[in-house]
Amino acid sequence: MERPHNFSAGPCILPLEVFEKASQSVIDLDNSGLSILEISHRSTAFVGIIEKARELALEHLNLQGKGYKALFLQGGASLQFLMTAYNLLEKKAGYLDTGTWSSNAIKEANNFGETEVLASSKSSNYNYIPKDFSIPEGLDYLHYTSNNTIYGTQMKTFPKKANTPLVCDMSSDIFSRQLDYSQFDLIYAGAQKNMGPAGATLVVVKEDILGKVSRAIPSMMDYQLMIKRESMFNTPPVFSVYVSMLNLEWLSRNGGVPSIEKKNQAKADLIYSEIDRNPLFEGFTALEDRSMMNATFSLKEKQLGPKFDELWKASHINGLSGHRSVGGYRASMYNALTLDSVKVLVDVMKHFEKTA
Ligand code: PLP
């Protein structure tokens, strides 16, 4: 059966070879005769898997030997909205409000202390990244969302202040581009875009920012305890961790982040050049803030929608409809989506221009 060109925003867009190996492991993990789902999470085999996953995560972010620990936790990025605040917020934290996920993070942090929204693009439905803001002295940390999955904006630079820890939600663009990841003190990401199946959440944290708040932290929320127990304080989401490891190995075999960034850039250049060229379409976001992962656009004449929808669906394209808070279309182009799939979409757009 031909696989559709999957432009869906998630969850879990992975290369076919990773799905194949993962499905085999459900029956028989590496010729052990046992399923990945039934081996003990304390077995040598699984401990090896989670250690490898942690090591690869740090390696791909170029953070090995720099004082960071990688954790595989549960609860999704949404739990990290409060876990970061629980562990780091004593008095006041600064947030940039660039979309639904940022505003959810702000809402959760407000349970633990004061937040200051340094700038927000809410009044223009989050179609740009605010750049005109200053960072006050004395914040416990500064929080950014690197890629705004729903709106299709992506931060290219990350203003910071000396001595203020930088926290970043990278759920929808982790492992997709080269950055100086050491500028961040804590990175978190739900697995389910560029890493693996939903269920695991990656947290990469610089150990020396922890242990500074005065409140007592419940065990399941305590980064220091999770580090001490090597992400195994309780039963980890074994399948999600295993498939994340397979996918991080796939990334290594394919040239790592530098190589995937080039491919992601080529995909983004292709779709955005068609959005700009084709008189029937218009992009949603400010040009300089366009995301390499999620391209949002719409038809200038909304009544042409049903005809365009018919065309892309007939071309084995899946998941192109925009999020309800933006409308239009969203082409999500995570690491596993190929340039050929983007070419198919662009050909559909060109064909539509001729026949509409
Ligand atoms: N942050 C971003 C940028 C996201 O895209 C999402 C989900 O798509 C979330 C947070 C929420 O993640 P989760 O569903 O893992 O809680």
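Which residue follows α6, and is its phi positive or negative? Gly255 follows α6, and its phi is positive, near 90 degrees. The model is predicted: local features need pLDDT of at least 70, side-chain atom pairs count only at pLDDT 80 or more, and totals for chains, interfaces and linings use all residues. Residues are numbered from 1 along each chain as its sequence is written.

Buried residues of α6 include Val238, Tyr242, Met245 and Leu251 (buried means 20 or more other C-beta atoms within 10 Å of the residue's own, with C-beta atoms placed from the backbone). Among the elements that cover the buried residues are α1 (16-27), α2 (44-60), β2 (68-73) and α7 (256-277).

The chain is divided into domain 1 (16-253) and domain 2 (256-355), with bounds from an automatic or database domain assignment. Their centres, taken over C-alpha atoms, are 27 Å apart. The contact takes 23 residues from domain 1 and 23 residues from domain 2 (two residues are in contact if their C-beta atoms, placed from the backbone, lie within 7 Å). On the domain 1 side, β7 (153-154) and α6 each supply at least two residues.

An open sheet of three strands has the order β11-β12-β14, with antiparallel pairing (two strands pair if DSSP finds at least two bridges between them). Three bridges join β11 to β12 (residues 294-299). Phe281 stands opposite Leu299 in β12.

Note on methods. Buried ≥ 20, exposed ≤ 12 C-beta atoms within 10 Å, placed from the backbone. Helix = DSSP H or I, 4+ residues; strand = E, 2+ residues; numbered from the N terminus.
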